[in-house]
Amino acid sequence: MKLGQRLARSLRACGFVITAALWCGTTWAAFTASVDRTQLAAGESVQLTLQSDRSGSSDPDLAPLAKNFEILSRSTSNSLQIVNGSMSSQRQVTLVLAPRRSGLVEVPRLTWDGESSAAIDLNIAANGAGPGGTGSSGAAAGASANAAAHVFLTTSLDALQPYVQSAVSLKVQLYSDKKLFQASLDLPGTADLLVRRLGEDTTTQETRNGRAYQVITRHYLLVPQRSGEIVLDGPVLNAQVADVNGRVDPFLEKLFGQLQIEGGLGGTRPLRLRGDALKLVAQPRPPSLRSGDWLPAQQLTLEEAWHPADRTIEVGQPLTRQLRLAAVGQSASQLPDLSAATPMPPGLKAHAEEARLSDQLQDGHVVGQREQDIVLLADQPGRYVLPELRLDWWDVVSNQRREAVLPAVTLDVVAAAHSASTAASAGAVTEGQALPGASPSASSAAPEPNAQAAASEPSGASANGRVDWAWVSLALALLWLVTLGAWAWTHRRRPADGNGSNPAAQALPVPAAASASEARLAFQQACRAHTARPARDALIAWAHATWPNDAPTGLNALARRLDQPALTDSLRELDRACIDNAPWNGDTLGRTLTALAASAASRPSATELPNLYSDPPR
């Protein structure tokens, strides 16, 4: 009896212990956390799996992960099992984490529905310090990390203590001995440091410690916006790499054996690699240059070129001044606009074309270039003097103020060729011929001393001379009639031939002393042929024939005289096409401008007429 009681008590104790153990085991296994690896190379991600055997709709508290990790992706799955009439549920959260730093990193304890998981330690290799890089573990540790790393970044700056608003070149190099999928490299700027990509990426091959790396090099332009210490987060590489540790379907594994296909059977996993932080100490402007323009540079050149080179033009002909400003250690956007730095003397107008900006790399330094064309037009002949052009800048190498100077230049503007020829023709008529209606005595000179000798010659010789001159005069008259008939015939055919298949061939040059009708016809032909320079020459000749005593000297003066906005715009297009040798469509101008005198008289005069080109800002 006593033995049976003892046995019963023992069985009850064992049952209690087993029940307690099962209950404790169920409690301990209610929430677990696990990772797929504990040793990570630089930039590699880790997969964290959180599993709970308790049913519910709540989510685990992931806030403790934010200190050491970035969550790249998250997925959730639920499962329900019924075994022997007993139902159990399971919820699983899978996270892909990117470590924020290297070294020994802990996955902290997490809580879910009042249950806690155990902490997990990870060992993450550092991103090594290559040539010019700044590894956090020193040169030796950086070399060791590079020897083992499959993917790593290096950064180098051409200046660590630049002046504020100067340009700094940053070189970022990506080394990889494995294939990267969907790779991108980002370097966002801040309000204190402007960041802009410079040029195109270059790809080279390099061998390090027996490994063949593909090296992608990218350059950035950095411009500090304030003085003092500026810290910028390093570049970030986001990519996908082959997951050699991924689970492969057993059937495929049996079929392919040990064959591994990158990004194929095993899939891919995210890779996020951070470069080292960048630190600059920007120097302020010198106390002596607190006000005014500020242009720091290592080297600066200011050059000019003229077209035509001798700087001699006719009235109405454009003269182009090409200014080129280049600065080492400065971006093109920071270079000043020099088009308004030179005041124009009276009678000379300037039109600045759009500047051409470019940033290049030269010996690892940023070189900013600004090129700009300034077109000058004169309304009156004469000699114009442009004052010298001065530009102050700060030499960051010698830490002193310098000045770039372009000397003063002299421009010679002469009268237009057709004006000179018209004046010469008028002078020749006045000097050698009698004006219509003048008496013979008014146009004849005093008799020469040998006139009496000529009168005393035999009458036969005089008669023969008169006969010979009569035949010569008759021949000249016939030639004049033939020329007049040929001109009338061609004049009748020109309007009909104006719509021919080759209008460009009909844009004939206009003689300097052409009549208004001839010049107008040549102008219309040039408009139909869309040839800018012949149209401009014919239009100037037409204006001289229309106003012989007060002719406009160029398109600028003609636009002011006509004073019609539509014509002014068309004339501006014509003049710019002549200056830039650009294609030109003359349909609008040829259709609008049909008569000069009527166009000029159709609008009342104004006290101030619009200029063809506006004055540059002073």
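Tutor: A contact means heavy atoms within 4.5 Å. Keep that in mind for this predicted model.

Student: Among contacts between residues at least 6 apart in sequence, what share joins residues at least 24 apart?
Tutor: Take the contacts in the protein between residues at least 6 apart in sequence. Then pick out those that join residues at least 24 apart. Their share is 69%.

Student: How many helices and strands does the protein have?
Tutor: Both kinds of element occur here. The count is 13 helices and 29 strands.

Student: What percentage of the 618 residues is buried?
Tutor: Buried means under 20% relative accessible area. Apply that to the 618 residues of the protein. The buried part is 35%.

Student: How much of the accessible surface belongs to carbon and sulfur atoms?
Tutor: The accessible surface of the protein comes to about 35000 Å². The part that belongs to carbon and sulfur atoms is 54%.

Student: Is L80 buried or exposed?
Tutor: L80 lies in strand β4, residues 69-83. Exposed means over 50% relative accessible area. L80 has 57%, so it counts as exposed.

Student: Which residues form a nonpolar patch with L80?
Tutor: The patch is on the surface. Together its residues have about 360 Å² of accessible area.

Student: Which strands are the edges of the open sheet of four strands?
Tutor: The order in this sheet is β10-β11-β14-β13, with antiparallel pairing. An edge strand pairs on one side only. The edges are β10 (151-157) and β13 (193-208).

Student: What is the average twist in that sheet from one strand to the next?
Tutor: Go from strand to strand along β10-β11-β14-β13. The twist averages 20°.

Student: Which residue in β14 stands opposite Y175?
Tutor: Strand β11 covers residues 168-176, and strand β14 covers residues 211-224. They pair in the antiparallel sense over nine bridges. Opposite Y175 stands V215.

Student: Where are the edges of the open sheet of three strands?
Tutor: The order is β21-β29-β26, and the pairing is mixed. The edge strands each pair on one side only. They are β21 (312-314) and β26 (382-386).

Student: What does the twist average in the sheet β21-β29-β26?
Tutor: Step from one strand to the next. The average is 25°.

Student: Which residue in β29 is the bridge partner of Y384?
Tutor: β26 pairs with strand β29, residues 409-414. The sense is antiparallel, over five bridges. The partner of Y384 is L411.

Conventions: Residues are numbered from 1 along each chain as its sequence is written. This is a predicted model: local features need pLDDT of at least 70, side-chain atom pairs count only at pLDDT 80 or more; totals for chains, interfaces and linings use all residues. Side-chain values use heavy atoms; hydrogens and water are left out. Two strands pair if DSSP finds at least two bridges between them. Helices (H or I, at least four residues) and strands (E, at least two) are DSSP runs, numbered from the N terminus. Axes are lines fitted to C-alpha atoms, for helices over the stretch in contact, and angles run from 0 to 180 degrees between N-to-C directions. Patches are made of residues with over 30% relative accessible area and no salt bridge: like charges are joined within 9 Å, nonpolar side chains (Val, Leu, Ile, Met, Phe, Trp, Tyr) within 5 Å. Accessible areas come from the Shrake-Rupley method with a 1.4 Å probe; for residues, only the protein chains shown count as cover. A salt bridge is a side-chain nitrogen of Lys or Arg within 4 Å of a carboxyl oxygen of Asp or Glu. Buried means under 20% relative accessible area, exposed over 50%, partly exposed in between (1.4 Å probe, protein chains only).
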